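Here is a set of questions about a protein structure. Look at the structure, then read on.

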Amino acid sequence: MRVFICFELLPRVIILKLSAGNRTRQSKFSSGSCDTMKFSIHLNGMYFAGGIYRQLFVLLFLVFCIHLSTNRVVRAGTSGITTRRYNFVVNYATFTRLNHTKRMIVVNGQFPGPAIRANEDDIVIVNVTNLVAAPVTIHWHGVKQIRTCWADGVPYITMCPLQQNQSFSHRFQLLNQTGTMWYHAHISWLRASVHGPIVLRPRKFESFPFTSPKREITIMIGEWWNNDVEDVLAYALARGGRYNISDAITLNGQPGFLYNHSSKDALKVKVTHGETYLLRVVNACLNFGMFFGVANHSLKVVQLDSAYVKPFTVNTVLIAPGQTLDALLTANRASGRYYMAASPYSVPDPQYVPFPEIPATARMEYEESSYEIERSSSEIVTYMPTFPSPNDSNYRHKFDDLQKSINTTYQTLDVPETVDKHLFFTVGYGLDKSSSCHPFKTCVDGYDGQYRVVGSVNNISFVTPNTTSKSLLEIAYLRDHGNASVTSALDLDFPSQPTMTFNYTGSTRLPLSQWFSKHATKLSVINYNASVQIILQNTNIVQFETHPFHLHGYSFYIVGRGNGNYDPDSSPATFNLVDPPLRNTFGVPHRGWLALRFRADNPGVWLFHCHFEIHTSWGMETVLYVKEGTGTNQTLEAPPSDLPACASSENTSKKKEPTVSITISEDITKPEISKEVPH
Ligand SMILES: [Cu+2]
């Protein structure tokens with residue numbers, strides 16, 4: 001007889017046991033289906049005789065399963081995978097904060113935007129429609145986009161932006177991904193208001209690998225500007241240097257109790273004594289790292305950037321722009337009111353880089369204290385968390401030291417022990433000589449009042465392609481697939497070492513004549529499945545900053561970091577190759593270096609950039625071009641049929657004429673559409 005065994009028919013518990021220690025699953029979008037995974041055993045009718053043949057069959061079956069597991073093609077049943085569809089409409093809506101009303105570009109009329117909720121391995125399809133005149137893309141921060149780089153949402157890098165009235169369906173699978181992520185606009189500074197959480201739970205029928213929380217509470221830390229952020233950006237670019245900081249820090253879109261005109265709508269959270277809650281915290285700020293804590297309560301951190309860590313307990317967490325953090329809070333203190341608060345972590349001299357000084361607050365309140373609070377509300381003390389000083393880099397180092405990956409059945413570590421591709425990138429500021437503040441000639445805020453400040457990687461300030469045809473990904477894909485009609489060239493010559501070596505962190509600086517960056521659109525090519533090491537070296541050009549670098553399409557292991565200059569002879573001896581944290585965004589120590597490693601097993605054209613939005617605007621970004629492999633699931637899917645074409649008037653976001661008088665003239669009489677907060 002012929003016996004077919006399809007994995008979709010096997011009990012889930014068996015699959016989980018078989019794949020324990022290796023949670024990698026085959027992409028739903030792969031060409032393999034259940035049919036292709038059937039195997040047959042000819043038992044000539046003897047299977048049902050039992051005895052030795054039955055045992056032989058079981059043995060063969062187990063050997064086959066181990067083989068599949070080793071080769072990372074174990075596929076669990078698709079029955080547990082749900083396809084979740086969302087419609088996002090990007091449009092203006094009117095909001096009031098700090099007694100100031102303005103229109104903002106948001107998703108579905110909400111600030112922050114609606115939550116995407118899914119289980120690990122689910123397929124998500126988000127159809128984004130842009131109704132505003134500005135070009136828009138949305139990036140799904142933390143989603144690896146395995147084989148679906150097309151959906152990564154980076155303008156001119158992975159797709160041409162959505163022009164007004166255009167739509168695009170972003171389709172991706174959250175394969176082996178769980179925890180907290182988020183989405184945000186990835187063009188100009190629109191992410192100030194176009195952002196929201198992606199809340200991922202374990203697979204159906206699986207539970208959290210920690211105390212099951214009574215409730216999950218999502219906290220989006222953000223910023224509010226009274227002015228239009230596009231005007232703030234244009235003003236900063238025109239003047240060549242500093243930028244106007246936001247008027248308030250926000251928690252789920254609300255400044256909270258310490259700002260004027262903000263208490264009524266502040267976020268309020270009820271908790272029950274003795275219960276444990278999962279806080280999913282996202283730093284959606286444009287330009288500031290944040291301390292976050294809850295007065296008199298400790299936070300047990302269980303995930304960072306949607307990867308599990310060995311749990312550690314602190315009173316204050318530190319979270320850079322772009323990062324996410326999941327922490328358990330147990331309501332085990334005296335009943336009463338406690339502030340949750342976020343306050344900036346900012347290293348540079350506030351004379352040059354000021355920051356909003358009033359913390360954003362939400363109020364956590366014990367259920368059983370309600371009666372008393374109703375009775376004598378004015379007498380109730382609300383406790384406030386205390387934070388380290390805003391520039392306390394020692395706290396940052398201590399917090400970073402606590403982060404260790406955990407190796408469990410929920411997550412297998414795969415730290416590259418050897419390196420195929422070495423990249424050494426200096427990251428930091430530079431000056432712009434070539435344009436000499438052209439076209440606005442107003443660089444009064446630039447260095448020395450005359451040079452525009454730029455961001456650079458290996459002394460190259462990235463120029464977003466000013467294409468009128470195709471994104472870099474489309475060009476790369478079409479060329480790799482032998483399409484002779486693609487004449488656009490790619491500059492694949494990004495230097496793998498700094499173009500000039502100097503004492504990057506020494507007290508003696510380079511002469512000013514060597515502070516000027518080149519401007520280019522260059523890519524680094526990485527072969528499929530190469531193990532990659534990137535050293536990010538901070539520099540003392542202009543000034544130091546803790547640049548939070550984010551890599552699209554990957555998480556990477558933080559194998560090392562240190563003060564001063566990276567030394568290829570001695571620094572690797574300090575590396576942690578055992579349990580380094582797995583992150584997708586991490587700050588380069590402001591007077592030091594960072595070493596990260598990953599395996600390049602996800603083909604695509606991936607942006608690698610500082611997640612301070614002003615630094616991205618200044619060009620502190622580069623692109624890694626990971627080539628396709630030749631095996632199954634090692635290639636990109638074909639381009640989606642609805643991928644938008646580039647419009648003829650392109651890439652104006654960084655060249656907008658500044659509006660020096662930044663007043664809001666639109667109709668502000670419409671009521672606020674939604675105050676919904678995700679939790
Ligand atoms: Cu930066």
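Donors are N, O and S atoms within 2.8 Å of the metal (3.2 Å for Na, K and Ca), and because water is not among the atoms, sites may look incomplete. This is a predicted model, where local features need pLDDT of at least 70 and side-chain atom pairs count only at pLDDT 80 or more, while totals for chains, interfaces and linings use all residues. Residues are numbered from 1 along each chain as its sequence is written, and side-chain values use heavy atoms, with hydrogens and water left out.

Q: Why are H547, C610 and H615 called donors of the copper ion?
A: A donor must be an N, O or S atom within 2.8 Å of this metal. H547 (ND1), C610 (SG) and H615 (ND1) lie 2.0 to 2.1 Å from the copper ion. Therefore these atoms count as donors.

Q: How are the donor residues of the copper ion spaced in sequence?
A: The spacing is H-x62-C-x4-H.

Q: What makes C610 count as buried?
A: Buried means under 20% relative accessible area, exposed over 50%, and partly exposed in between (1.4 Å probe, protein chains only). C610 has 0% relative accessibility, so C610 counts as buried. H615 is buried too.

Q: How do you know that C160 and C646 form a disulfide?
A: A disulfide is a pair of cysteine sulfur atoms within 2.5 Å. The sulfur atoms of C160 and C646 are 1.9 Å apart. So the pair meets the cut-off. A search of the whole structure finds 1 disulfide.

Q: Are C160 and C646 buried or exposed?
A: C160 has a relative accessible area of 0%, so C160 is buried. C646 is at 13%, so C646 counts as buried as well.

Q: Why do β9 and β10 count as a pair?
A: Two strands pair if DSSP finds at least two bridges between them. Strand β9 (residues 179-185) and strand β10 (residues 195-201) have 6 bridges, in the antiparallel sense. Therefore β9 and β10 pair. In this pairing, G179 stands opposite L200 in β10.

Q: What makes β5 and β7 edge strands?
A: The open sheet has 4 strands in the order β5-β10-β9-β7, with mixed pairing. β5 (116-119) and β7 each pair on one side only.

Note on methods: Helix = DSSP H or I, 4+ residues; strand = E, 2+ residues; numbered from the N terminus.
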